[in-house]
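Hi,

Here is the structure I promised to pass on. Please have a look at it first, and then read on for my notes.

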Amino acid sequence: MPRFRYFPVSFDVAAKTVLVVGDGEAALQKLRLLARTQARLVLCATAPTPTLLAFVTEQGIRHAASEPTADLVREAALLFVATGDPVRDRWLAALARKFGVPVNVVDRTELCDFATPAIVDRAPLSIAIATDGHAPVLAQLVRAKIEALLPPAFGRLGALAESVRDTVLDSLPDNAARRRFWRALFNGRAAVAALAGEVERARVIALKSLSDAQTSPVRSGKVFLVGAGPGAEDLLTLRAHRVLLEADVIVHDALVPEALVAMGRRDATRIAVGKRKGNHTMHQEEIDLLLVSLAREGRQVVRLKAGDPMVFGRAGEEIAALRAAGIDHEVVPGVSATFAAAAEAAIPLTLRGVASHLVLATGHAAGGAEPDGWEALAASGATVAVHMGRSVAANVSARLIAAGLASSTPVAAIENAGRDGRRLFAGTLADLPALAARSEVDGPVLILIGPAVAHGDLTNAEPFRPSQCAVSAAA
Amino acid sequence: MSQSDASKGHIALVGAGPGDPDLLTLRAVARLGAADVVLYDDLGSAGALAHAREEAELISVGKRAGRHAPKQAEVSRLMVAYAALGKRVVRLKSGDPTIFSRADEEICAAHEAGFSVEIVPGVTTATAAAAHLGAALTKRLVARRVQFVTAHEVTGHLPDDLDLGALADPLATTCVFMGKATFPALAEKLFAHGLSVETPAAVVESLGTERTAVIKGTVETVAARLKENPPEGACMILYGAALADVCRA
């Protein structure tokens, strides 16, 4: 995974000197950006262009018609160099470094301590877009998209927050309570009023809801049982994405990829209760208790489950526990792994005249003590999707053939469906056991069985048994 | 049409989810936002279509019972024709495109015309209905399996190739798509195959809209209710022992 060369931070420049050196367009561009801050700006320009001069005059920016003195550089919080002259650039950068002043030299990355990102200005809200210096044009495109998303008045929400911030800090000492208040504020009537420009009315509504929040007892939080989908970040639903961003705590299974868990808030607590093939780190009863106690502390909890929570997710037990404890909860459905697998190979799960129904099953019943009823799975014209696949492949094949399914029935197995590292295997039910022996297939595997499978796009599928040349290449 | 135009064409079959625009995937939103042409069925597409660009062409190919709509072949033809013009085509399908959606015919048409097809999976209406009910579809020792079936043939009747033994499986939760008209007939056959009349059942009507309504009971009572007083909206019918908790209430 690539790592950032530049780390984005926000620099406090209020009432500090920011120095710009240069005569032309590049200096003007930096000043335009800086003029939106509360910094004390100083331009050193011996021969400024008329436009540059007009701008500093109009903005009341201090102009020194000389090279910057050592004192001026030493006092500066930041230095921007835009002389366009390699020798002067290098000299000024060295001077800044001598005094420990961070310096940015236009178009000379090697002389820069920091870069300036593209900025969406919705003051007091600012959004910085950086590409590690690789693609400024891309940053501009992203900026345009974000600007379209946030109306110019959006910053008023920030101003509203600022106007009540101190009161909120005093009135609501509890962190979680404050977060609830802010969340309600930005989604509520106060926000609507602020966006409409009714600043004072927005403030009154906000203060009213603040006093309500103070007098009401600690409310229980809410638990969202969220389907994470097959694993790709962009196969989350819009709702799942939003509740994930709002969660105080994310309780997740091991099957949910790290990238998805990381999409939550930076300061959200993340608790792995992961189940991975027989390696149960937390018992279901403990998970149930955990969800209840987190909600009782007033926290907003996302219980993130791979695929859809209502299919093989043991959501039923969690819902029963939450219901019994009187905790507010909501289920957010997700894309089940079966559908992601079918999408990977364009396999129709149902097909007129070929497969009239789809059965989702887990491989676990093949080995476990639970009743199985494989006869029902061998139903005529069904497509069978077996979750938790590879290790049980042999057993599934044997049981289905014993239950009467033809050994020539088409089968596809998809490893890592809907996430990175996907692989597609295909063959017949008789061939399937070979998959169980392939230890290099270590991602989640979903097996699709039935006549409709043959109608998928299996041209790039590997056979279940490793081919001879693959074996010799590995040896 | 020049070669270069056609090579820019792109076809995506996109799952729109159960109708609530909030349950679109981020990928579906991205494909809609990049589409030149969106072919959609009428049912509950408005929210999803809001993600299309203003300049995009939005074409209804809706198949609503009792209304004239383009034939499947015509939909496939349109889809390919636009792609051949170099357009980015999104074929929006309710739920997930690989189940009960006749996507195979569209995929075949695209492949025959030399276009590859991207499939963007969606949230199926069945699990969304389960989420709405607050009932898990699988339950340890009770419901080991989930099965999806349609009870509506092109003719409007119950399909005759249903495996009734499997559908009467007491260890499964069954989700019946498009079954409001035929479920009473299906229920009779299920009872004859040994399904208990007491099996818990629920109907979720017009999921993802403001008119969502739920009918709860047993397979017998739900079938009777659908026969006497059929709901107006699209229905997802669920039955099986896993629903006992929510249907008892």
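Accessible areas here come from the Shrake-Rupley method with a 1.4 Å probe, and for residues only the protein chains shown count as cover. On that basis, the accessible surface of chain B comes to about 10,400 Å², with 52% of it belonging to carbon and sulfur atoms. Chain A exposes about 22,700 Å², and there carbon and sulfur atoms supply 56%.

Some housekeeping before the rest. This is a predicted model, in which local features need pLDDT of at least 70 and side-chain atom pairs count only at pLDDT 80 or more, while totals for chains, interfaces and linings use all residues. Residues are numbered from 1 along each chain as its sequence is written, chains are lettered from A and ligands numbered from 1 in the order in which they are written, and side-chain values use heavy atoms, with hydrogens and water left out.

**Chain B**

Chain B has ten helices and ten strands; helices (H or I, at least four residues) and strands (E, at least two) are DSSP runs, numbered from the N terminus. The radius of gyration is taken over C-alpha atoms, and the globule rule is 2.2 Å times the number of residues to the power 0.38. For the 249 residues of chain B a compact globule would come out near 18 Å, so the 19 Å of this chain agrees with the rule. Its C-alpha trace spans about 65 × 35 × 35 Å along the principal axes.

Of the 249 residues in chain B, 59% are buried (under 20% relative accessible area, with exposed over 50% and partly exposed in between; 1.4 Å probe, protein chains only). Contact means heavy atoms within 4.5 Å. Among contacts in chain B between residues at least 6 apart in sequence, 69% join residues at least 24 apart.

Domain bounds come from an automatic or database domain assignment, which gives chain B domain 1 (3-120) and domain 2 (125-247). The contact takes six residues from domain 1 of chain B and nine from domain 2 of chain B. The C-alpha centres of these two domains lie 28 Å apart.

Helix H5 (residues 103-112) of chain B is worth a click. Its buried residues are B:Ala103, B:Asp104, B:Glu106, B:Ile107, B:Ala109 and B:Ala110. What covers them includes strand S1 (10-15), helix H4 (72-84), strand S4 (88-93) and strand S5 (117-120) of chain B. Just after H5 of chain B, B:Gly114 takes a positive phi of about 85 degrees.

**Chain A**

Chain A comes to 18 helices and 19 strands. Its radius of gyration is 30 Å, but a compact globule of 475 residues would have one near 23 Å. Its C-alpha atoms fill a box of roughly 95 × 65 × 40 Å along the principal axes. Buried residues make up 48% of the 475.

A few backbone details to check:

- A cis peptide bond, with omega about 5 degrees, joins A:Ala123 and A:Pro124; A:Pro124 is found in the loop between strand S6 (118-122) and strand S7 (125-129) of chain A.
- A:Ala15 is not a glycine, yet has a positive phi of about 60 degrees. A:Ala15 lies in the segment before strand S1 (17-21) of chain A and counts as exposed because its relative accessibility is 52%.
- A:Ala346 also has a positive phi, near 50 degrees. Its place is the loop between helix H14 (337-344) and strand S15 (357-362) of chain A, and A:Ala346 counts as buried because its relative accessibility is 10%.

Best wishes
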